[in-house]
Amino acid sequence: MKKIVSCVLAAVAAVLTLASCCKEQTVSTKTFTIGLDDSFPPMGFRDEQTHEIVGYDVDLAREVAQRRGWTFKAMPIDWNTKELSLDSGEIDCIWNGFTMTPERREAICFTPAYLKNAQIVIVREDSPVQTLADLAGKRVEVQAGSSAMEAIEGNPEFHKSLKEVIGVKENLTALMDLESGAVDAVVIDLVVGRDSIRRSGKAFRVLEESLSPEEYGIGFKKGNDELMKAVWETLCEMAADGTVEKIDQKWFGSSLSTISACVKEVR
């Protein structure tokens with residue numbers, strides 16, 4: 001028990017190191033509104049039967065709100081203008097497989113990472129493409145405003161080799177275009193891409209090479225440091241009592257959260 005408590009305290013301490021990126025703001029009982037792309041399974045998406053917004057991040061956020069005594073609300077936003085929704089106060093945070101990049105860290109106050117990720121390339125099963133180099137002269141599609149686009153642009157040599165990089169509103173659209181043969185490949189988050197293949201059963205495969213390792217964080221508006229700390233401290237409590245592990249198993253079938261991994265290491 002002492003080891004678990006120590007882990008929680010260590011994780012909470014990590015929040016304090018973020019003080020330089022944000023200013024203080026008082027947290028009160030409120031409606032906790034997360035901004036998300038509601039077509040981003042398994043992180044956040046519409047259930048086919050009920051049409052309710054469900055997913056891994058939704059379960060985490062809903063539990064945080066319940067423990068804090070807040071009313072939970074999941075609000076679909078345009079992912080290409082997500083920062084505007086955050087800055088305007090329309091949402092309290094961006095919580096939806098949100099990759100932390102140096103550029104985003106400059107404009108947004110993030111929690112510590114709670115999940116590891118990478119940008120992967122998906123092609124059709126019958127595609128001759130086996131490596132990133134094989135995509136030279138090919139058409140690649142990504143979600144506009146996503147870290148997939150940033151990963152491509154961050155690899156100038158690879159970017160230059162492509163015939164065209166097309167941005168679309170949703171990953172679902174990109175995968176449909178891939179299936180139809182309109183494009184040769186899709187760059188997408190590892191967690192989301194593998195889940196899409198599993199759920200759809202489509203004849204896709206993932207290249208062994210990935211573009212870049214990444215980490216997911218929860219993004220808050222600059223100046224909302226107190227709310228960020230409250231959310232992170234609650235997540236640490238959820239990891240310590242096994243709740244995060246249960247949500248991991250529900251959506252991934254394995255332990256992927258870096259918070260859960262911390263607890264496991266000290267048990």
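The entries below cover a strand, a pair of helices and a loop residue.

**Entry 1. Basis.** I note that this is a predicted model, in which local features need pLDDT of at least 70, side-chain atom pairs count only at pLDDT 80 or more, and totals for chains, interfaces and linings use all residues. Residues are numbered from 1 along each chain as its sequence is written, and side-chain values use heavy atoms, with hydrogens and water left out.

**Entry 2. Strand β1.** Five of the six residues of β1 are buried, so the strand is largely enclosed by the rest of the structure. Buried means under 20% relative accessible area, exposed over 50% and partly exposed in between, with a 1.4 Å probe and protein chains only. I then looked for its partners, where two strands pair if DSSP finds at least two bridges between them. β1 pairs with β5 (residues 71-76) in the parallel sense over six bridges, and two bridges join β1 to β6 (residues 93-94), also parallel. Gly35 stands opposite Met75 in β5, and its bridge partner in β6 is Ile94.

**Entry 3. Helix α9.** I found 16 residues in α9, with 23 Å from the first C-alpha to the last. This is close to the expected 22 Å, which is 1.5 Å times one less than the number of residues. Of these 16 residues, 13 are buried. Just after α9, Gly242 takes a positive phi of about 90 degrees.

**Entry 4. α9 against α10.** I checked how α9 (residues 225-240) meets α10 (residues 243-252): their axes come within 4 Å and cross at roughly 80 degrees. Axes are lines fitted to C-alpha atoms, for helices over the stretch in contact, and angles run from 0 to 180 degrees between N-to-C directions. The two helices are therefore roughly perpendicular, a term for angles of 65 to 115 degrees. Leu235, Met238 and Ala239 in α9 meet Thr243, Val244 and Ile247 in α10, contact meaning heavy atoms within 4.5 Å. The residues of this contact divide into five nonpolar, one polar and no charged.

**Entry 5. Leu256.** I located Leu256 in the loop between α10 and α11 (258-266). At 36% relative accessibility, Leu256 counts as partly exposed. Leaving aside neighbours within four places in sequence, Leu256 is in contact with Leu115, Lys116 and Asp248. The C-alpha atoms of Leu256 and Asn117 are separated by 9.3 Å, although the two are 139 residues apart along the chain.

Key:
Angles under 35 degrees count as roughly parallel, over 145 as roughly antiparallel, 65 to 115 as roughly perpendicular and the rest as oblique. Ala, Val, Leu, Ile, Met, Phe, Trp, Tyr, Cys and Pro count as nonpolar, Asp, Glu, Lys and Arg as charged, and the others, Gly among them, as polar.
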